[in-house]
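Visitor: Please take me through one part closely: the charged pairs and the helices around them. Keep it brisk.

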Amino acid sequence: MKIALATSGTLGDVLPVLILGQALRDRGHSVSVCASEEFRGIVGARDLRFEPIGIDMDAWLGAHAVTPATPWWRRLRLFREFWRDELAAQVAGLRRAAAGADRVVGTAALFATGPVVAEAVGAEYVHLVLSPLYLRSRHHPPWLLPWARLPRPIAGGAWAATERAAQWSLGPLVRGIRRELGLAAEVDLFAPLSRAPHVVAVEPTLAPVPPDVAVRHVVTGPLIDGGDAPLDAALGDFLERGPAPIYAGFGSMSDPDPARTTATLVQAARAVGSRLVIARGRAGLGEGLVGGAGSGEVLVVDAAPHRALLPRVAVAIHHGGAGTTIAAARAGVPQIVVPHAGDQGYFGDRVRRLGIGPAPLRRPLRLAELVRALGACDAGGSIGAAARRLGPRVREGDGAAAAVAAIEGVRRS
């Protein structure tokens with residue numbers, strides 16, 4: 001089959017799509033990956049065809065910071081501004097990639113345009129879900145809201161209100177897209193998506209699908225890279241020279257004051273008598289430090305393969321991305337989640353509820369709170385024990401193979 005895979009967002013949104021694309025290609029399908037221009041290189045490095053769509057999410061997040069404290073009305077305004085720019089940028093590229101396609105597979109960011117473009121080119125649309133938070137349920141509020149949990153009646157009302165707001169703000173834009181593509185009018189913005197099969201690529205222990213989800217769906221397990229990328233020499237040497245360090249990294253998330261965040265991380269590690277590995281990431285952490293300088297307590301790296309690193313650390317401090325949360329859980333190490341955006345608050349709450357980490361921390365990081373959280377993650381305590389028990393339950397599984405089978409098995413509705 002010819003298959004167009006489409007996503008928009010940060011590296012954490014793109015990597016699962018690349019893993020799925022490779023699995024589909026290895027099954028003999030013709031695959032194109034649609035993502036923002038900044039990911040052209042990593043798509044090509046995996047020998048997949050690339051089609052640019054959407055805006056630069058990292059740049060947009062950097063210019064429009066959203067934190068758990070951002071008021072809901074500002075979130076709604078930012079939501080409208082983002083999608084106004086994003087929808088038009090998605091459609092042009094996706095139309096090129098999907099011409100003659102049998103399947104169009106889109107992630108949450110393609111909820112409005114993916115089904116429409118698939119309909120226009122005569123393809124079947126499959127919705128790829130990387131977090132249960134994007135599925136309507138009374139068990140959790142929509143991802144746009146800052147709360148990980150609400151009473152079920154209130155969560156249900158929040159979904160209804162959010163969908164009404166989306167109908168008001170995005171409905172006219174999508175109706176205009178449908179006219180341009182020669183499609184019949186569709187009053188309900190979410191109707192095409194609700195008719196599509198959903199492939200839910202989540203780890204069911206960490207992120208269970210609520211029982212009241214109404215759309216057709218299959219849970220495949222997460223799309224995790226099974227490669228064994230090695231640690232670089234400097235990091236390997238650092239790990240060998242002393243006890244297991246704390247790891248801190250926030251992936252593709254930005255930070256308005258990386259020097260302050262870095263200083264807080266270093267001071268907290270010293271307060272609990274631990275060494276520290278900092279991954280710079282997009283935030284540029286490690287500002288003002290030189291890797292391995294001073295007493296050798298701190299090493300700054302650009303990035304590190306979680307699969308190789310996390311089993312060798314004492315605690316993982318991270319942003320709560322799905323992939324990082326799964327990797328830390330598989331490694332059996334305590335986690336301290338510092339949510340930045342999207343579904344990260346949900347994963348932080350799941351870490352707390354599973355007992356494998358304390359309650360998520362607010363931004364900007366506060367030294368006293370971080371020190372208390374690190375103290376709670378002592379290897380001999382309940383959190384350390386829970387993390388070690390959970391590890392074997394979230395170990396290997398071939399989510400990519402299951403997702404491929406689900407996509408191949410879609411029948412015209």
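Visitor: How many salt bridges does the count come to?

Guide: The count comes to 14 salt bridges. The rule asks for a side-chain nitrogen of Lys or Arg within 4 Å of a carboxyl oxygen of Asp or Glu. Side chains of opposite charge can pair when their charged atoms come close.

A word on the source first. This is a predicted model, where local features need pLDDT of at least 70, side-chain atom pairs count only at pLDDT 80 or more, and totals for chains, interfaces and linings use all residues. Residues are numbered from 1 along each chain as its sequence is written, and side-chain values use heavy atoms, leaving out hydrogens and water.

Start with E119 and R178. Their closest N and O atoms are 3.2 Å apart, and the two form a salt bridge. E119 sits in helix α5 and R178 in helix α6 (residues 152–180), so the bridge ties together parts 59 residues apart in sequence. Helices here are DSSP runs (H or I, at least four residues), as strands are (E, at least two), numbered from the N terminus. The two partners differ in cover. E119 is partly exposed, at 37% relative accessible area. R178 is buried, at 3%. Buried means under 20%, exposed over 50%, partly exposed in between (1.4 Å probe, protein chains only).

Now look at how α5 sits against helix α4. Two packed helices are described by the angle between their axes and the distance between the axes. Helix α4 (residues 72–98) packs with helix α5 (residues 114–121) at an angle of about 40°, and the axes are 10 Å apart. That makes α4 oblique to α5. Axes are lines fitted to C-alpha atoms, for helices over the stretch in contact, with angles from 0 to 180 degrees between N-to-C directions. Under 35 degrees counts as roughly parallel, over 145 as roughly antiparallel, 65 to 115 as roughly perpendicular, and the rest as oblique. The crossing of α4 past α5 is right-handed.

R95 belongs to helix α4. R95 is partly exposed, with a relative accessible area of 45%.

Helix α4 also meets α6. Their axes come within 10 Å and cross at roughly 15°. That makes α4 roughly parallel to α6. Here too α4 passes in a right-handed crossing.

Other bridges lie elsewhere in the chain. E240 pairs with R312, the closest N and O atoms being 3.0 Å apart. E240 is in helix α8 (residues 233–240), while R312 is in the loop between α10 (306–309) and β11 (315–318), so this pair ties together parts 72 residues apart in sequence. E240 is exposed at 60%. R312 is partly exposed at 33%.

E369 and R362 also meet through their side chains in a salt bridge, at 2.2 Å from N to O. E369 is buried at 19%, whereas R362 is partly exposed at 45%. Salt bridges with shared partners also join R149, D349, R352 and R353 into one network.

Terms used: Left-handed = near helix turned anticlockwise from the far one by under 90°.
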